[in-house]
Amino acid sequence: EWSGNHSSVTMFVLRGLSDEKELQFILFPIFQGTYLVTLIWNLGLILLIRMDSQLHTPMYFFLSFLSFIDICYSSSISPRMLSDFLKDENMISFIACVIQYFVVAWMGLAECCLLAAMAYDRYVAIGSPLQYSAIMAPGLCGKMVTGVYVSGFLSSLSQTVSCFHLYYCGPNIIQHFFCDLPAIIPLSCSNPFISQVILLLATIFFVFGSLLVTLLSYGFIVASILKISSGKGSAKAFNTCASHLAAVTVFFGPALPVYMHSSSSQSMKQDKVLSVFYVILIPMLNPLIYSLRNKEIKGALKRVIKRTIY
């Protein structure tokens, strides 16, 4: 009998991206390459920011933590997914599933909040350039990053406890390639109402809240840009936040539909595709988005290479 906090299911089965073995062997080198590039680019960006003193500014301070989150985010899923491509049965223990979801949710929610903090930083830089150094002092930046991690941790903990405290009596096939709450809750044999409410509140507060702060910041940024008389000054102001705006779009675009609709067989297939974007591809693309047209990062890279050689 169920004692109130005991689950009879000790193992879950991850269905993965596809049941076709031929397709899995094709996907393995693709996702392995993606994961390696993610690690190299993000670690490289963190080291570059640490090594070059001219990048010791609030913007790059936040960017280094974004790269750290992307490394943790990708590493919590990709190694397991790659090993599952080579297995006949993709089994994951109950505890391992708990840990995986906790880390994924923590890093995902932290990234939402960090993108909002970075949007505020861009607003201060463009709206109040003379007071920027005083407002975005190192102490405030440190508190903002701490708040990002703590809020993500607490929200992830509440979601994980509420979901895995449910009774799982038999169905154990997760229609996904990692442990994700919308795919796990339907397997419960007890009433999942509280877990669903907590997931909805976290989505509204963190995802939509972060998106609202970001949109408001960009609304004020646009108003500040319109006040700039010179066309060159307006273009420069827009270029400073274009990369962040692109990162926000590619992150929230695929993530929102996954957590804002009811579960069904058709939606589960769509969720897998969308999850590949915001869990696998975006951690790889973020360093590229922020570095591709960034003269400061290109200059810092040249200086570091020059110091290393000479």
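Which residues have the most contacts inside the largest nonpolar core? They are Phe31, Phe62, Leu63, Met118, Phe252 and Tyr278. The views below show a predicted model, in which local features need pLDDT of at least 70, side-chain atom pairs count only at pLDDT 80 or more, and totals for chains, interfaces and linings use all residues. Residues are numbered from 1 along each chain as its sequence is written, and side-chain values use heavy atoms, with hydrogens and water left out.

**View 1. The largest nonpolar core and a separate one.** The largest nonpolar core holds 59 residues. Helix α4 (residues 94-127) gives the most to this core, with 12 residues. Apart from it lies another core of 22 residues, including Cys97, Tyr101, Leu181 and Ala183. A nonpolar core is a set of buried Ala, Val, Leu, Ile, Met, Phe, Trp, Tyr and Cys residues joined through side-chain atoms within 4.5 Å; buried means under 20% relative accessible area with a 1.4 Å probe, protein chains only. Helices are DSSP runs of H or I with at least four residues, strands are runs of E with at least two, and both are numbered from the N terminus.

**View 2. Surroundings of Phe62.** Leaving out residues up to four places away in sequence, Phe62 touches Leu114, Ala117, Met118, Asp121, Met136, Cys141, Met144 and Val145. Contact here means heavy atoms within 4.5 Å.

View 3. Residues 60-79 are 90% helix and 0% strand, with end C-alpha atoms 28 Å apart. Residues 132-152 are 90% helix and 0% strand, and their end C-alpha atoms lie 27 Å apart.

**View 4. The open sheet.** Three strands, in the order β2-β1-β3, form an open sheet with mixed pairing. Strands β2 and β3 are at the edges, each pairing on one side only. Strand β1 (residues 11-14) runs antiparallel to β2 (residues 91-93), joined by 3 bridges, and Met11 has Ser93 as its bridge partner. With β3 (residues 173-174), β1 pairs in the parallel sense over 2 bridges. Here Leu14 has Ile174 as its bridge partner, and Val13 stands opposite Ile173. Strands pair if DSSP finds at least two bridges between them.

How values were computed:
Buried < 20%, exposed > 50% of the residue type's maximum accessible area, 1.4 Å probe, protein only.
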